[in-house]
Amino acid sequence: MMDPVYSNAIIQGYESMAAWSDLLDQINVFPVADADTGRNLKISLAALRRLAEQPADVSQHILRAATGNAGNIAAAFFQELLGVDRPETLAGAIGKGVGQAYKAVADPKPGTMLTVFEALAQVLPPGSRPPAEWDLEAIVGHLEKSVADTCEALPELRRAGVVDAGALGMFIFLEAFLGGLT
């Protein structure tokens, strides 16, 4: 059974990201400027809102709802996180989630949400430390820098002068999620 603090933190993350989905659509230029990254993330991860009531169904709903590159990458990543039964096992799940996220698209690129997932895997303390002992400010700062760096990682982002929309979406999610855990 999933820890209620953990499931509530996931729901907080989703709600925060969903609230910014229009902005994510506006800055979406990679892989094409089709203004759908925010919408795709919102649709793909919508089942997370039901995590407290229907935890067993959420994983399958996310896989079926995965839309676009951003949605497919996020759904693959979150499959591992949904298997976490308590926050102390999160670090291992994130490592596995990064691997699954890379497999979700044919041509994964650095400078996208994949970079944010990698940054999280690098900075999250080992599982033996409970979330109350984490340095949330340092973790969020590391993730924030990884998002800011996406602006220079891909030519499309550099030309438009924006960060990757998917990376920003996952940062918004993770900031709220980690805040809910700690």
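Colleague: What radius of gyration does the protein have, and how does that sit with a compact globule?

Modeller: The radius of gyration of the protein is 15 Å, which agrees with a compact globule, because a globule with 182 residues would have a value near 16 Å; the radius is taken over C-alpha atoms, and the globule rule is 2.2 Å times the number of residues to the power 0.38. This is a predicted model, in which local features need pLDDT of at least 70 and side-chain atom pairs count only at pLDDT 80 or more, while totals for chains, interfaces and linings use all residues. Residues are numbered from 1 along each chain as its sequence is written, and side-chain values use heavy atoms, with hydrogens and water left out.

Colleague: How many helices and strands are there?

Modeller: The protein has 10 helices and 0 strands, where helices (H or I, at least four residues) and strands (E, at least two) are DSSP runs numbered from the N terminus. Along its principal axes, the C-alpha trace spans about 45 × 35 × 30 Å.

Colleague: And what share of the residues is buried?

Modeller: Of the 182 residues, 49% are buried, with buried meaning under 20% relative accessible area, exposed over 50%, and partly exposed in between (1.4 Å probe, protein chains only). As for contacts (heavy atoms within 4.5 Å), among those between residues at least 6 apart in sequence, 67% join residues at least 24 apart.

Colleague: Let's go to threonine 150. Where is it found?

Modeller: Threonine 150 is found in helix α8, which covers residues 136-153, and it counts as buried because its relative accessibility is 1%. Its side chain reaches the backbone oxygen of valine 147 at 2.6 Å, a polar contact being a pair of N or O atoms within 3.5 Å, where within protein one must be able to donate a hydrogen and the other to accept it, and residues adjacent in sequence count only if both atoms are side-chain atoms. Not counting residues up to four places away in sequence, threonine 150 touches Gly111, Thr112, Leu157, Val163, Asp164 and Ala167.

Colleague: What does the side chain of serine 21 reach?

Modeller: The side chain of serine 21 reaches the backbone oxygen of alanine 18 at 3.0 Å. Serine 21 is in helix α2, residues 21-27, and at 4% relative accessibility it counts as buried. Leaving aside neighbours within four places in sequence, serine 21 is in contact with Gly38, Arg39 and Lys42.

Colleague: Is phenylalanine 117 buried or exposed?

Modeller: Phenylalanine 117 counts as buried, because its relative accessibility is 0%. Its place is in helix α7, residues 113-123, and, leaving aside neighbours within four places in sequence, its contacts are Ile73, Phe77, Ile94, Val98, Ala101 and Met170.

Colleague: Changing topic, what is the phi of alanine 35?

Modeller: Alanine 35 has a positive phi of about 50°, although it is not a glycine. Most residues other than glycine have a negative phi. Alanine 35 lies in the loop between α2 and α3 (37-44), and it is partly exposed, with a relative accessible area of 33%.

Colleague: Last one: which residues does alanine 93 touch?

Modeller: Not counting residues up to four places away in sequence, alanine 93 touches Glu80, Leu81 and Val84. Alanine 93 is found in helix α6, residues 90-103, and is buried, with a relative accessible area of 9%. The C-alpha atoms of alanine 93 and glycine 161, which are 68 residues apart along the chain, are separated by 33 Å.
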